[in-house]
Amino acid sequence: MKARFTFGLAAVLSISGLVGAVVADSHVDPAIAGAIKARQAQMTLYAFNLGTLGAMARGNAPYDAEAATAAATNLQALTGLNASALWPAGSDSESVDGTRALPALWQNFPDVIEKAQATKAAADAMVTAAGTDLAALQGAMGALGGACGDCHKAYRLPDE
Amino acid sequence: MRIHRWLIFFALVGIAVYWVVTRPTRVDAAAIAGLEEDVARGETVFYAAGCASCHADETAQGEAKLQLGGGQHFPSDFGTFTAPNISPSTEHGIGSWTREQFVTAVTQGVSPEGQHYYPAFPYTTYTRMELADAVALYGFMKTLPAVETPSQPHQVSFPFDIRRNLGGWKFLFMSDDWVLDGDLTPEQERGRYLVEAMGHCAECHTPRNALGGMQMASWMGGAPNPAGRGSFPNITPGKLTWSEGDIAAYLESGFTPEFDSAGGHMALVVENTAQLAPEDRAAIAAYLKAIPPVDG
């Protein structure tokens with residue numbers, strides 16, 4: 001049932017994505033622009049909290065269990081957001097400016113959801129690791145970076 | 001009558017020059033005969049040279065990254081190239097190749113049948129590789145799993161489909177001289193070797209001319225993405241202001257100093273550089289800081 005819903009959703013999104021690509025022009029729909037801005041803000045929050053953990057992992061900041069746990073808990077909350085409204089059809093890099101999200105993202109929704117779940121699992125693991133000790137934090141960093149990279153590898157343009 | 005004779009003469013000279021210039025070269029069998037197929041050394045070469053980034057499935061993870069069945073497509077102005085199967089399959093891969101054939105392919109860009117490869121295969125980089133590293137890589141590649149998937153043909157149209165012409169391209173654009181010359185520290189030299197003889201960073205990060213040759217004055221100065229939208233960034237000191245530590249950390253974790261993460265093909269590159277020794281990532285960073293800045 002859930003799979004069928006996801007498939008149906010993906011089909012609708014990809015068809016309307018095609019329509020969006022055809023009618024795209026220099027004028028960006030404010031709703032689309034808003035969604036792009038919102039999802040980029042979510043990414044910025046990821047980066048900010050990862051920065052706290054990364055600075056400790058790389059020895060650029062002293063290990064602080066409380067600060068690390070706070071950052072990891074934020075990441076966990078971010079991965080738990082319902083982000084479906086942030087990725088409307090027609091908000092891909094072929095349809096509008098200002099985004100590097102490839103149309104392939106809309107064509108592979110089941111895979112995107114799987115990758116999002118992997119990110120959530122990595123963030124969950126980081127909550128435990130961040131409060132344990134520096135070695136655990138460093139160990140959990142790789143999986144988190146890998147989860148970010150997996151989605152960016154498949155669904156993001158190289159650069160602007 | 002006399003003019004005709006001269007025309008024939010020049011035509012013959014032209015054909016002779018073409019024949020000499022475009023002739024596929026081979027590695028000297030004697031030069032590699034005594035070298036050891038050191039598998040551990042070959043593994044380092046494998047990751048430094050980034051073989052799996054193109055020859056494994058783009059979505060492969062873990063052990064599957066060692067299945068080099070090919071199939072990734074590389075669109076360009078000259079057509080779409082498809083990475084071939086280079087697994088040890090004797091039927092579809094390179095399992096039956098001799099050491100000499102392998103080293104010739106990697107360092108000269110010439111197939112066992114004596115045909116030029118398209119430079120989508122970065123032999124213009126690998127031609128600077130020490131023969132001992134190429135032989136070690138041969139040893140390592142034989143340890144990988146065979147993949148029984150046939151290689152797909154490239155989609156290249158006239159005149160780029162005439163392989164012999166690639167000899168002329170090589171004459172113009174292939175050189176085993178170092179790009180970064182002058183006095184270097186041992187670390188910078190190691191970095192130069194990793195970048196200019198193995199990692200082939202310049203393949204994407206250096207702009208190309210109309211014939212697809214690299215514009216050496218803009219070495220690593222950034223370039224448009226031949227596959228379509230987007231571009232590869234300028235990674236010279238003219239633009240890349242990260243510290244050496246930042247660069248090395250990026251090549252290990254994929255995280256930029258702002259904790260954005262590597263995407264696209266660069267994420268595949270980081271999967272390889274993460275396998276290198278920390279000193280080698282630091283050496284690449286030292287090299288990138290030593291190359292001439294390109295304004296960006």
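B:Phe259 counts as buried, with a relative accessibility of 8%. In this predicted model, the residue lies in the loop between α11 and α12 of chain B. Its backbone deserves attention: phi of B:Phe259 is positive, at about 60°, although the residue is not a glycine. As a reminder, most residues other than glycine have a negative phi, and most peptide bonds are trans.

Where else does chain B have a positive phi in a residue other than glycine? At B:His200, where phi is near 45°. This histidine sits in the loop between α9, residues 186-199, and α10, residues 202-205, of chain B. Is B:His200 buried or exposed? Its relative accessibility is 16%. The cut-off for buried is under 20%, and B:His200 therefore counts as buried.

B:Phe158 and B:Pro159 are joined by a cis peptide bond, with omega at about 5°. B:Pro159 belongs to the loop between β3, residues 155-156, and α8, residues 166-173, of chain B.

I return now to helix α12 of chain B, which spans residues 264-273. Its buried residues are B:Gly264, B:Ala267, B:Leu268, B:Val270, B:Asn272 and B:Thr273. What do these residues pack against? Within chain B, the partners are α3 (39-49), α4 (51-55), α11 (244-253) and α13 (278-290). Chain A contributes α6 (134-155) to this packing.

That brings us to chain A. Its secondary structure consists of six helices and zero strands, in the order α-α-α-α-α-α along the sequence. Chain A has 160 residues, of which 41% count as buried. Its accessible surface is about 8,300 Å², and carbon and sulfur atoms account for 65% of that area. Among contacts in chain A with a separation of 6 or more, 72% link residues 24 or more positions apart.

One helix pair in chain A may be examined in detail. Helix α2 (residues 30-57) and helix α3 (residues 65-80) pack with their axes 9 Å apart, at an angle of about 150°. Angles over 145 degrees count as roughly antiparallel, which is why α2(A) and α3(A) are described in that way. Their crossing is left-handed. On the α2(A) side, the contact includes A:Leu45, A:Tyr46, A:Leu53 and A:Met56; on the α3(A) side, the residues include A:Ala68, A:Ala71, A:Leu75 and A:Leu78. What is the make-up of this contact by class? It has 11 nonpolar residues, five polar residues and no charged residues. Among the residues in the contact are A:Gln42 and A:Asn49 of α2(A) and A:Asn74 and A:Thr79 of α3(A).

Conventions. Residues are numbered from 1 along each chain as its sequence is written. Chains are lettered from A and ligands numbered from 1 in the order in which they are written. This is a predicted model: local features need pLDDT of at least 70, side-chain atom pairs count only at pLDDT 80 or more; totals for chains, interfaces and linings use all residues. Side-chain values use heavy atoms; hydrogens and water are left out. Helices (H or I, at least four residues) and strands (E, at least two) are DSSP runs, numbered from the N terminus. Buried means under 20% relative accessible area, exposed over 50%, partly exposed in between (1.4 Å probe, protein chains only). Contact means heavy atoms within 4.5 Å. Accessible areas come from the Shrake-Rupley method with a 1.4 Å probe; for residues, only the protein chains shown count as cover. Axes are lines fitted to C-alpha atoms, for helices over the stretch in contact, and angles run from 0 to 180 degrees between N-to-C directions. Angles under 35 degrees count as roughly parallel, over 145 as roughly antiparallel, 65 to 115 as roughly perpendicular and the rest as oblique. A crossing is left-handed if the near helix is turned anticlockwise from the far one by less than a right angle, and right-handed if clockwise. Ala, Val, Leu, Ile, Met, Phe, Trp, Tyr, Cys and Pro count as nonpolar, Asp, Glu, Lys and Arg as charged, and the others, Gly among them, as polar.
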